[in-house]
Amino acid sequence: MNADWLAYYDAAFVLLLVTMMVSWVIFGRLSMARIEKSIMAEGKPRPCPWDGVGGRLVWYAYTVALPAHFFNELDDRQLNTADVKRYTTRADRIRAWVFMVSGHGMVILGLTAVVFDIG
C-alpha cells in the first residue's frame with residue numbers, strides 16, 4: 001500500500017476522532033444540558049435518567065438531529081422525543097450532526113482498516 005495514501009487515511013481518522021471528542025463535549029454542555037434544564041423547568045423529571053458510559057448524549061444527538069419518526073419513536077421509554085424537539089434550536093441540530101457524522105465516520109474508517117488490513 002502506498003505510504004502517502006496511508007498517511008491521508010490516518011490523518012482523516014485522527015481528524016474525525018478529535019472532531020468527535022470536541023463535539024461530544026460541546027454538544028453535551030451547550031445543547032443537552034440546556035434542553036434538560038428547560039424540560040425540568042416544566043416540572044417534568046430529568047429525561048433519560050440512565051447514562052451508561054455516555055449513552056445519554058448519543059441518544060440526545062439522534063433525537064435532536066433526526067426526524068421524529070425516522071429513528072426516534074415518539075413514545076420512547078428513555079427520552080421523550082416531543083419534549084426534546086420542543087427545545088431544540090438550529091444550533092443544536094448542527095452540533096448533533098457534527099457529532100454524529102464525525103463519530104460514524106471514525107467508526108467506518110476504523111472498521112475499514114480492520115476488514116481490509118490497512119496499516
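Predicted model: local features only at pLDDT ≥ 70, side-chain atom pairs only at ≥ 80, totals over all residues.
User: Is Phe99 buried or exposed?

Analyst: The relative accessible area of Phe99 is 6%. The cut-off for burial is under 20%, so Phe99 is buried.

User: How do the rings of Trp24 and Phe99 pair: stacked, tilted or edge-to-face?

Analyst: The model has one aromatic pair. Its ring centres, those of Trp24 and Phe99, are 5.1 Å apart, and the ring planes stand at 80°. Planes over 60 degrees apart meet the edge-to-face criterion. The pair is therefore edge-to-face.

User: Which helices does this pair link, and how many residues apart are Trp24 and Phe99?

Analyst: Trp24 belongs to helix H1 and Phe99 to helix H4. The pair thus links distant parts of the chain, with a separation of 75 residues.

User: Which helices are included in what covers the buried residues of H1?

Analyst: The buried residues of H1 include Tyr9, Met20, Ser31, Glu36 and Ile39. Their cover includes helix H2 (55-65), helix H3 (81-86) and helix H4 (90-115).

User: Which element gives the largest share of the largest nonpolar core?

Analyst: This core has 19 residues, and Phe27, Tyr60, Val84 and Met100 touch the most other members. Two or more residues come from each of H1, H2 and H4. The largest share is six residues, given by H2.

User: Which residues does Met100 touch, leaving out those up to four places away in sequence?

Analyst: Met100 is one of the core residues that touch the most other members. With residues up to four places away left out, Met100 touches Ala61, Tyr62, Ala65 and Leu66.

User: Is Thr81 buried or exposed?

Analyst: Thr81 is found in helix H3. Its C-alpha atom is separated by 14 Å from that of Val58, 23 residues apart along the chain. The relative accessible area of Thr81 is 1%, so Thr81 is buried.

Terms used
Residues numbered from 1 in each chain as written. Heavy atoms only, no water. Buried < 20%, exposed > 50% of the residue type's maximum accessible area, 1.4 Å probe, protein only. Helix = DSSP H or I, 4+ residues; strand = E, 2+ residues; numbered from the N terminus. Contact = heavy atoms within 4.5 Å. Core = buried A, V, L, I, M, F, W, Y, C linked by side-chain atoms within 4.5 Å. Phe/Tyr/Trp six-rings, centres within 6.5 Å; stacked < 30°, edge-to-face > 60°.
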